[in-house]
Amino acid sequence: MFPDVRLSRRPLHFIYLCDCSGSMRAGGKMPSLNQAIRQSLPEMVQVSLQNPEAQILVRVLRFADQALWHLGTPTPVDQVLPQWRDLEAGGLTAMGEAFRALAAVLRTPPMEQRALPPVLVLISDGAPTDDVSEGLRTLMAEPWAAKAVRLAIAIGHDADLEVLQQFIGSEPGAGGERRSAGQGLDGDRRPGVPAQRPGRRPLQANDSTSLARYIQWASTAVLGAASQPRSQAGGTAPDTNVPLPDLPPTVLDPSDASQVVW
Amino acid sequence: MKRSGWLPPSCESRTGASHQRRGAPCQDSSGLWCFEDGSGEPIQVLVVSDGHGGSRYDRSAVGSLLACRVALEAMQRELAGMCLSQHPNPQEWQRWLAEVLPVRLLQRWRREVLRHAGSHPRSDGAPPSTLPYGATLGVLLLTPRWWGCTGLGDWDLVRIADDGTGELLNEEPDLSGGGEATFSLCMEGAERHFAARSALVAIPAEQAPFRLLLSSDGIRKSCGSDADFLTLARHLGDLAAAGSGDAAAASTAGRHLTEALDHISLQGSGDDVSVATARWGRLDASAEGHGLQPRGPLIVQPGQEPAPPPLAADAARQRPQGPMALASAHRHAAAGSGDQRRRHGSIPWLRACLAALALAAAGAAGAALFGMGLFTRRLSAPGGASPELLGVLKQQVDTLCRAQPPDPGPGEASTTAAGAATPGASSGAASKSLPAASDDRGGAASATLQASLLSAITDTLNQRRSSFRDLRRGAIRPEAFLARPAQDPTGALIAWSALQSSAARPALVPALQLCPELREALRQQWQRAHAPVAPGAVDQTGAPDSPNR
């Protein structure tokens with residue numbers, strides 16, 4: 001007789017951190033973000049079905065004047081779409097507070113000891129208006145934050161790429177060099193040519209199509225990779241603790257400024 | 001009054017549910033070996049290894065298998081000739097487990113891995129590296145007066161007391177390198193990480209029964225909590241213990257254990273799962289007369305071909321290990337998955353056939369596909385040679401050329417730092433120092449190694465002198481060996497060497513790379529079989545130019 005023990009799939013927490021500041025109203029950024037997330041949800045369900053060993057749980061944290069959980073309960077991915085409410089823009093950019101709120105839920109407990117590395121996706125179109133450094137320190141002090149797959153999507157060219165890069169972590173071999181805005185982004189490459197280290201730099205979304213594409217990439221390809229844990233030799237892990245799949249080819253040629261929408 | 005001791009151990013590995021779904025191989029391995037030290041005291045060694053998987057570690061299934069094999073062979077090689085009771089100081093053994101043995105293991109594992117990498121070059125031209133073979137390793141060493149553990153990686157060790165209470169004794173501390181980061185054999189300086197996982201526990205005279213359960217991370221990560229894990233560990237221990245009776249009970253218990261492991265993976269992490277179980281308890285007649293007899297190594301990795309007893313050359317020079325070492329492997333399809341396992345089971349009546357089977361055992365060792373041979377089988381055969389023949393021949397060459405020379409004797413060992421710390425030894429194998437760590441050898445030592453390897457291969461081939469002679473005389477045709485190479489790999493290799501220079505049979509004579517020692521040993525055998533051989537009539541294998549004339 002098999003004992004009465006709780007065997008469980010390993011939880012995989014997928015958390016969006018969405019900039020809902022007033023600037024997101026401009027150029028249809030917020031509707032595009034809502035649309036991109038909504039469209040990605042059915043495909044996330046498919047990823048979940050293809051990886052039944054991982055229990056994918058979704059949360060959404062919005063930050064404007066303050067950080068608030070838009071979807072605060074870890075929700076099985078197949079239950080997100082029926083209860084999805086669109087995000088609304090307005091206010092400042094309390095990114096530091098968002099990092100602190102995120103840190104609080106990445107502690108163990110409530111995080112499960114045997115969880116898979118979480119996937120954290122930060123989406124922003126501007127610069128923080130609060131003390132982001134302190135918030136980031138608080139966040140990165142949590143072991144689960146350090147273990148997480150951290151991705152950042154910069155909406156438009158006003159996004160603070162330095163902060164987004166700090167959230168991701170310094171690129172291996174970058175030597176701490178500061179990168180100027182618009183240079184060295186994962187979106188800044190020839191169409192169809194994969195980045196050398198996908199996801200290790202902020203993804204530059206300059207229009208609704210590229211935003212949707214990166215959201216889809218993060219919520220399906222990356223999620224799928226994170227759902228299939230592979231041990232890694234400690235100290236030899238290359239870029240992240242989950243081998244990230246190649247980025248989708250960009251539609252727009254970033255060198256063509258006439259096609260930049262945001 | 002019955003005395004207490006270690007009861008027959010068990011081990012099992014199963015392909016994870018997610019691996020099965022994706023068609024990925026099992027990258028877990030487990031193994032055990034029961035043998036005696038120089039004074040006849042029983043020793044058990046249990047191992048579990050977990051290959052990392054993923055694209056960076058695409059040969060980790062081989063790395064895991066080699067880790068188990070190397071660990072078992074190293075322990076047996078170093079302890080079988082000693083008398084453990086003459087080294088009662090636990091601190092010495094603690095240090096041996098933490099510092100000395102890891103150096104040995106890593107040297108041998110790296111050597112085997114690089115040998116495999118060299119013989120199986122990557123399609124992208126990348127230089128041979130241990131990285132793709134990354135794997136963890138957990139080792140349990142059980143003696144009558146103490147038990148110890150060592151290793152590195154994310155394995156777990158649980159102790160189950162007689163009342164069923166479980167305790168997690170040993171686990172990998174959390175690493176900051178990433179969510180799935182673990183210490184690995186492929187890391188530079190991996191030896192350093194064994195110390196933190198090494199422990200030695202004395203067994204008091206009135207020790208109550210208990211069990212030890214060594215498991216790969218797939219089991220613990222399938223459980224909702226550590227309490228669930230400990231409950232599960234007790235259950236798995238019960239299943240393993242249920243198989244200590246007769247053959248029918250063992251079969252039933254084995255099936256229940258594999259079903260439980262499959263269930264755990266399916267309902268839990270989906271990862272490969274391995275468990276090795278040791279039991280301390282009252283020794284009854286069956287245990288003393290059956291399960292604790294010296295036995296050959298057992299290594300389990302689902303999906304692979306049967307593993308051999310010790311390497312052919314090793315078997316030829318090691319002292320007899322009892323019937324278990326000679327028991328032929330049998331395998332069966334595991335319930336529900338089609339996995340193949342192998343067991344070197346106990347067949348008591350074989351004791352009477354010990355001498356008669358010795359030669360067969362050496363041949364069977366080559367017949368089995370192991371480690372590198374698992375990959376050589378997949379090679380297409382050039383020149384029309386049968387893939388089976390090519391695979392077997394390569395495996396046999398590899399087996400013979402991989403044979404390791406005996407470890408340094410007490411005199412050599414005493415020159416090392418470890419040797420200096422060992423207790424004073426008098427003479428003889430039973431009193432030699434604790435095995436030393438140093439495996440470094442200079443040029444002279446390298447020559448000694450080569451000579452030892454040549455000697456080991458010669459020992460093996462000497463048992464086949466009649467084959468050389470009969471082939472030379474034409475009493476046996478080479479095709480007789482080559483038609484069924486798996487049945488007699490050594491014979492196939494001898495027949496191959498006989499046909500080397502025969503241009504009329506290209507389809508039967510695939511190209512093989514021999515190590516110099518094997519080439520020389522074959523040359524000597526052919527010289528012996530054929531009295532005067534002109535120097536120009538001997539090809540690279542030493543075969544006469546026309547053996548069938």
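Two strands are taken to pair if DSSP finds at least two bridges between them, and helices (H or I, at least four residues) and strands (E, at least two) are DSSP runs numbered from the N terminus. On that basis, T182(B) in β8(B) is the bridge partner of A233(A). This is a predicted model, in which local features need pLDDT of at least 70 and side-chain atom pairs count only at pLDDT 80 or more, while totals for chains, interfaces and linings use all residues. Residues are numbered from 1 along each chain as its sequence is written, and chains are lettered from A and ligands numbered from 1 in the order in which they are written.

**Where chains A and B meet**

- With two residues counted as in contact if their C-beta atoms, placed from the backbone, lie within 7 Å, 38 residues of chain B are in contact with 27 residues of chain A.
- On the chain B side, α1 (17–22), β8 (181–182), α5 (226–241) and α6 (247–267) each supply at least two of the residues that touch chain A.
- That side of chain B has 10 nonpolar, 22 polar and six charged residues, where Ala, Val, Leu, Ile, Met, Phe, Trp, Tyr, Cys and Pro count as nonpolar, Asp, Glu, Lys and Arg as charged, and the others, Gly among them, as polar.

**Chain B overall and helix α5(B)**

- Chain B has 19 helices and 12 strands, and among its contacts with a separation of 6 or more, 74% are between residues 24 or more positions apart.
- Of the 549 residues in chain B, 53% are buried, a residue being buried if 20 or more other C-beta atoms lie within 10 Å of its own, exposed if 12 or fewer, and partly exposed in between, with C-beta atoms placed from the backbone.
- Helix α5(B) has 16 residues and reaches 22 Å from its first C-alpha to its last, close to the 22 Å expected at 1.5 Å a residue, where the expected span is 1.5 Å times one less than the number of residues.
- Buried residues of α5(B) include F229(B), L230(B), L232(B), A233(B) and R234(B).

**The five-stranded sheet of chain B**

- Five strands of chain B form an open sheet in the order β1-β11-β10-β6-β7, with antiparallel pairing.
- At the edges stand β1 (4–14) and β7 (166–170) of chain B, each with a single partner strand, so one side of each is left without a neighbour in the sheet.
- Neighbouring strands of this sheet are turned by 20° against each other on average, direction ignored; axes here are lines fitted to C-alpha atoms, for helices over the stretch in contact, and angles run from 0 to 180 degrees between N-to-C directions.
- Helix α6(B) packs on the sheet, where it touches β1 and β11 of chain B, and its direction makes about 50° with that of β1(B).
- Within the sheet, β10 (residues 210–215) and β11 (residues 273–282) of chain B pair in the antiparallel sense over six bridges, and L213(B) stands opposite T277(B) in β11(B).

**A helix pair in chain B**

- The axes of α12 (residues 387–402) and α18 (residues 489–499) of chain B come within 9 Å and cross at roughly 100°.
- That makes α12(B) roughly perpendicular to α18(B), the label used for angles of 65 to 115 degrees, whereas angles under 35 count as roughly parallel, over 145 as roughly antiparallel and the rest as oblique.
- The residues making this contact include L389(B) and V392(B) of α12(B), and L493(B) and W496(B) of α18(B).
- By class, the contact of α12(B) with α18(B) has eight nonpolar, three polar and no charged residues.

**The six-stranded sheet of chain A**

- Six strands of chain A form an open sheet in the order β3-β2-β1-β4-β5-β6, with mixed pairing.
- The edge strands are β3 (67–76) and β6 (203–205) of chain A, each with a single partner strand, so one side of each is left without a neighbour in the sheet.
- Strand β5 (residues 149–155) of chain A runs parallel to β6(A) and is joined to β6(A) by three bridges, with I155(A) opposite A205(A).
- Helix α5 (residues 161–168) of chain A lies across β4 and β5 of chain A, running at about 165° to β5(A).

**Local features of chain A**

- G156(A), in the loop between β5 and α5 of chain A, is buried, with 21 other C-beta atoms within 10 Å.
- The C-alpha atoms of G156(A) and N206(A), 50 residues apart along the chain, are separated by 4.9 Å.
- The peptide bond from T108(A) to P109(A) is cis, with omega near -15°, and the bond from P109(A) to P110(A) is cis, with omega near 15°.
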